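Here is a short briefing for a first look at this structure.

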Amino acid sequence: MKIVGIVGSNAELSYNRKLLEFIEKNYYQKFDLEILEIKDVPMFNQSEDATNSQVIQRLARKILTADGVIIATPEHNHTIPAGLKSVLEWLSYKIHPLENKPVMIVGASYYDQGSSRAQLHLRQILDAPGVNAMVMPGNEFLLGNVKDAFDQNGDLISEGTIKFLTLCIDKFIQFVNVAKAMNAPLEVKPQPEDLQARGKVDTTIEGLDKEADDWVEQAEAKVNAVSGKSYVKLNRGILTVDQLNWFLASMPMELTFADANNQFLYYNYTKPKEEMLAGRVPGQPGNPLSKCHPPKAYKNVEWVIQQLRSGKQDVVRVHVPKHADKYVVHNYQAMHDEDGNYVGINEYILDFNPIIEWYLKQTGQKLVGGTDATSSASKSDSKPVAPVADATSSASKEDDAPATKPEAPVVSAAPVADATSSASKKD
Ligand SMILES: Cc1cc2nc3c(=O)[nH]c(=O)nc-3n(C[C@H](O)[C@H](O)[C@H](O)COP(=O)(O)O)c2cc1C
């Protein structure tokens with residue numbers, strides 16, 4: 001744990017510095033204490049902004065990177081010294097390094113109740129909105145009669161005082177840990193997903209039966225959708241709807257889109273269900289996602305969508321070991337608009353096997369422990385990585401089989417002679 005101690009005095013010989021040095025020397029096993037001085041900090045003056053001066057920036061940086069702060073304050077005329085107040089003004093004017101920082105107050109002074117009034121004032125100051133520190137409640141350590149408190153080695157003489165100081169220090173360590181937990185970003189509980197798609201987003205086509213087999217045709221008529229040779233302006237280019245279809249159909253993968261309302265709206269239809277990696281049928285677009293999955297898969301589907309919608313993960317990948325000769329991965333990719341709002345899922349289902357085989361052939365490498373990508377990769381011990389299969393679109397029961405962890409194929413260090421390696425040789 002990293003703590004900084006601020007000496008609230010600018011005197012050459014300061015009992016408050018002595019107190020911090022005692023803490024540094026005696027509690028080093030509990031935390032690292034770095035003692036910071038205020039004597040070089042100029043008097044606060046709003047007309048001569050010194051926020052960017054080295055001395056103030058250094059103080060701020062040290063405070064910001066520390067887990068907590070101990071301020072040792074003297075008492076001058078029943079309050080904190082002007083020098084310390086001035087430092088706190090700099091640290092609450094344009095910068096706020098003490099914001100939410102756990103702070104412990106200690107103080108040393110000449111008289112019996114010395115520093116108690118200063119400590120009270122310091123609490124109030126640290127509570128001001130511009131400072132907004134988290135001051136440890138209670139545990140007020142005040143060291144009165146300081147002239148007689150230390151021996152010639154700078155050690156506190158009174159056993160009772162040391163005992164109480166140790167108690168306060170231990171409480172402060174606990175307080176720092178509690179503050180850390182309080183300052184941690186809140187774990188937001190994911191909202192339940194409505195797989196029935198009963199809600200509405202601004203592109204939802206309303207008033208139609210989502211489960212109708214001709215939903216696409218009904219929707220087309222309702223919104224006067226362009227088709228065929230009509231041009232669509234895209235980012236970046238212009239295509240006809242035909243070109244767009246040909247383009248998407250030629251992608252070497254199965255593509256599916258479900259919108260932010262969990263309505264399945266599109267797949268790049270090229271072949272009958274039986275020939276697809278994850279079977280779909282032309283009547284499916286328009287369906288709520290609940291219709292695309294058996295109820296037993298809802299929990300998994302919901303989990304995937306929550307990951308993507310919340311931004312916890314941008315892509316969820318699942319290996320679905322349904323085909324012996326293939327390495328099929330379902331990739332659920334979050335989609336966002338220009339403002340970063342979640343707008344749905346791009347699911348692409350891809351057999352990685354041809355890509356791996358091509359790569360091995362090109363590089364002259366081979367998989368260790370198998371002759372091909374599939375056999376080696378499918379040697380996985382089938383540990384479920386996430387309870388998921390085909391979040392957006394699968395209709396077939398097989399696609400809801402538990403996912404297995406896609407193991408990265410191990411590539412041996414055989415000699416290579418390919419474009420990539422020879423290119424890098426030139427370097
Ligand atoms: C201007 C001034 C006012 C002081 N007022 C108080 C006071 O109100 N209460 C107190 O206990 N000590 C007071 N003292 C004495 C301080 O406790 C003493 O100087 C102490 O050593 C200051 O801490 P330092 O040694 O860390 O600088 C005062 C000292 C000065 C110079």
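How far is an oxygen atom of the ligand from an N or O atom in the side chain of S14? The separation is 2.7 Å. The protein covers 76% of the 610 Å² of accessible area that the ligand has on its own. Keep in mind that this is a predicted model.

**Ligand site**

- The ligand is surrounded by 14 residues. The closest are S9, S14, N16, N77 and H78.
- The shell around the ligand has five nonpolar residues, eight polar ones and one charged one.
- S9 places a polar side-chain atom 2.7 Å from an oxygen atom of the ligand.
- S109 also takes part: an N or O atom in its side chain is 3.0 Å from a ligand oxygen.
- The ligand takes up the space of the second largest pocket.

- A179 belongs to helix α5, which spans residues 159-183.
- The relative accessible area of A179 is 1%, so this residue is buried. Buried means under 20%.
- M134 is 45 residues from A179 along the chain, yet their C-alpha atoms are separated by 7.7 Å.
- N261 sits in the loop between β9 (254-259) and β10 (264-267).
- N261 counts as buried because its relative accessibility is 7%.
- A polar atom of the N261 side chain lies 3.0 Å from the backbone oxygen of G199.

**Backbone exceptions**

- Most residues other than glycine have a negative phi, and most peptide bonds are trans.
- R236 lies in the loop between β7 (231-234) and β8 (237-240).
- The loop between β6 (141-143) and α5 holds N145.
- N145 has 37% relative accessibility, so it counts as partly exposed.
- Is N224 buried or exposed? N224 is exposed, because its relative accessible area is 64%. The cut-off for exposed is over 50%.

How values were computed
Residues are numbered from 1 along each chain as its sequence is written. This is a predicted model: local features need pLDDT of at least 70, side-chain atom pairs count only at pLDDT 80 or more; totals for chains, interfaces and linings use all residues. Side-chain values use heavy atoms; hydrogens and water are left out. A residue is near a molecule or strand if one of its heavy atoms lies within 4 Å of it. A polar contact is a pair of N or O atoms within 3.5 Å; within protein, one must be able to donate a hydrogen and the other to accept it, and residues adjacent in sequence count only if both atoms are side-chain atoms. Accessible areas come from the Shrake-Rupley method with a 1.4 Å probe; for residues, only the protein chains shown count as cover. On a 1 Å grid over the protein atoms alone, a cavity is a set of points where a 1.4 Å probe fits but cannot get out, and a pocket is an open set with protein on both sides within 12 Å along at least five of seven lines; lining residues have an atom within 4 Å of a point. A molecule sits in a cavity or pocket if more than half of its atoms lie within 2 Å of its grid points. Ala, Val, Leu, Ile, Met, Phe, Trp, Tyr, Cys and Pro count as nonpolar, Asp, Glu, Lys and Arg as charged, and the others, Gly among them, as polar. Helices (H or I, at least four residues) and strands (E, at least two) are DSSP runs, numbered from the N terminus. Buried means under 20% relative accessible area, exposed over 50%, partly exposed in between (1.4 Å probe, protein chains only).
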